[in-house]
Amino acid sequence: MKKKLFIVFLILCVLVPATLSAKIFDLSLGANAQFKPDFAEISGGGDVGELFSDFSNYSFGADLRMKILLAEVDVVTTFGKAANDDFQISALATAGVSFDLFGFTRLGVGLGPNFSVLFGDGDPQVLDYNDTPVDFDNFGDAFIKSPLALRATADFKIGKKIWLGASYTLNTNYTFEKYDELDKLFNANWDSGSFGVSFLFSFF
């Protein structure tokens, strides 16, 4: 019982200051760069410098954040070359929570569908949770075949309305195509996530 009370106390110690210091509404927009090699590849003992210096290992796009108190919706789009040399467009839309801490730090986590569409010589294909290209008939079909992804963010205020953010995005094994397999939300390979950096301008 004491342990549960202590956990509740710690949660309140975080939530209460975060809620009191949070803006009622905030809208941010900026550029995003995503590093394609996952954490397992970075920590695998290879030449990390070569990975980071290879321009083809990056994709670029935009990052939009809308925040109301502690609730936040993020939309991230990136463009780049896929592993099979097809042109790839990715769009990740997440809903979650975001905490303002100390006036210059913002920590958040969200969950949502991660669309990655490949454009090659044939018909466009969407990547499933195994990063395997599969055919789709329409937007709804692409939606249910795409994996849900977790995205954790850490943003730091570097100017009056300027934020520099880091993120870690991890695809789960869950898709709405097999909506009843909820256990796949929690058995993702945590080393398969990728890092990103955002440079954001806050309008409010």
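Biologist: Phe203 first: how exposed is it?
Modeller: Phe203 is partly exposed, with a relative accessible area of 41%. In these terms, buried is under 20% relative accessible area, exposed is over 50%, and partly exposed lies in between, using a 1.4 Å probe and protein chains only.

Biologist: What kind of model is this, and how are residues numbered?
Modeller: It's a predicted model, so local features need pLDDT of at least 70 and side-chain atom pairs count only at pLDDT 80 or more, while totals for chains, interfaces and linings use all residues. Residues are numbered from 1 along each chain as its sequence is written, and side-chain values use heavy atoms, with hydrogens and water left out.

Biologist: Ok, back to the rings. How many aromatic pairs does the structure hold?
Modeller: There are 13 aromatic pairs in the structure. Rings of Phe, Tyr and Trp (its six-membered ring) pair if their centres lie within 6.5 Å; planes under 30 degrees apart are stacked, over 60 edge-to-face, and the rest tilted. One of the pairs is Tyr174 with Phe176, which is edge-to-face at 5.8 Å centre to centre and 80° between the planes.

Biologist: Is Tyr174 buried or exposed?
Modeller: Tyr174 counts as buried at 5% relative accessibility, while Phe176 counts as partly exposed at 32%.

Biologist: And what sort of pair do Phe201 and Phe203 make?
Modeller: Their ring centres are 5.3 Å apart and the planes sit at 85°, so that pair is edge-to-face. Phe201 is partly exposed too, with a relative accessible area of 35%.

Biologist: Which residues form the aromatic cluster?
Modeller: Phe35, Phe52, Phe55, Tyr58 and Phe60 form one aromatic cluster.

Biologist: What lies over the face of Trp163?
Modeller: That's Arg106, at 4.6 Å from the ring centre. A charge sits over a ring if NZ of Lys or CZ of Arg is within 6 Å of the ring centre and within 35 degrees of the ring normal.

Biologist: Switching topic: what does the secondary structure come to?
Modeller: Four helices and ten strands, in the order α-β-α-α-β-β-β-β-β-β-α-β-β-β along the sequence. These are DSSP runs numbered from the N terminus: helices are H or I with at least four residues, strands E with at least two.

Biologist: What share of the chain counts as buried?
Modeller: Of its 204 residues, 36% count as buried. The chain exposes about 11,800 Å², with carbon and sulfur atoms supplying 69% of that. Those areas come from the Shrake-Rupley method with a 1.4 Å probe, and for residues only the protein chains shown count as cover.

Biologist: How many of the contacts join residues at least 24 apart?
Modeller: Among contacts between residues at least 6 apart in sequence, 58% do. Contact here means heavy atoms within 4.5 Å.

Biologist: Which residues form the nonpolar patch on the surface?
Modeller: Among them are Ile24, Leu69, Val73, Phe201 and Phe203, and the whole patch has about 1,000 Å² of accessible area together. The elements giving two or more residues to the patch are strands S1 (25-35), S2 (58-68) and S3 (71-81). S2 gives the largest share, three residues. Patches take residues with over 30% relative accessible area and no salt bridge; like charges are joined within 9 Å, and nonpolar side chains (Val, Leu, Ile, Met, Phe, Trp, Tyr) within 5 Å.

Biologist: Where is Leu69 found?
Modeller: Leu69 is in the loop between S2 and S3, and it is partly exposed at 38%. Its C-alpha atom is 4.8 Å from that of Ile24, though the two are 45 residues apart along the chain.

Biologist: Now charges. How many salt bridges turn up in the whole structure?
Modeller: Eleven salt bridges, each being a side-chain nitrogen of Lys or Arg within 4 Å of a carboxyl oxygen of Asp or Glu.

Biologist: Which residue does Asp63 form a salt bridge with?
Modeller: Arg65, with the closest N and O atoms 3.1 Å apart. Arg65 also meets Asp155 in a salt bridge at 2.6 Å, N to O. Arg65 lies in S2 and Asp155 in S8 (residues 147-157), so this pair ties together parts that are 90 residues apart in sequence.

Biologist: Is Asp155 buried or exposed?
Modeller: Asp155 is buried, with a relative accessible area of 2%, and Arg65 counts as buried at 4%.

Biologist: What about the network of salt bridges: which residues are linked?
Modeller: Asp63, Arg65, Asp74, Arg151 and Asp155.

Biologist: And what do the side chains of Asp100 and Lys67 meet in?
Modeller: A salt bridge, 3.3 Å from N to O. Asp100 lies in S4 (residues 87-101) and Lys67 in S2, so the pair ties together parts 33 residues apart in sequence. Asp100 counts as buried at 8% relative accessibility, and Lys67 is buried at 2%.
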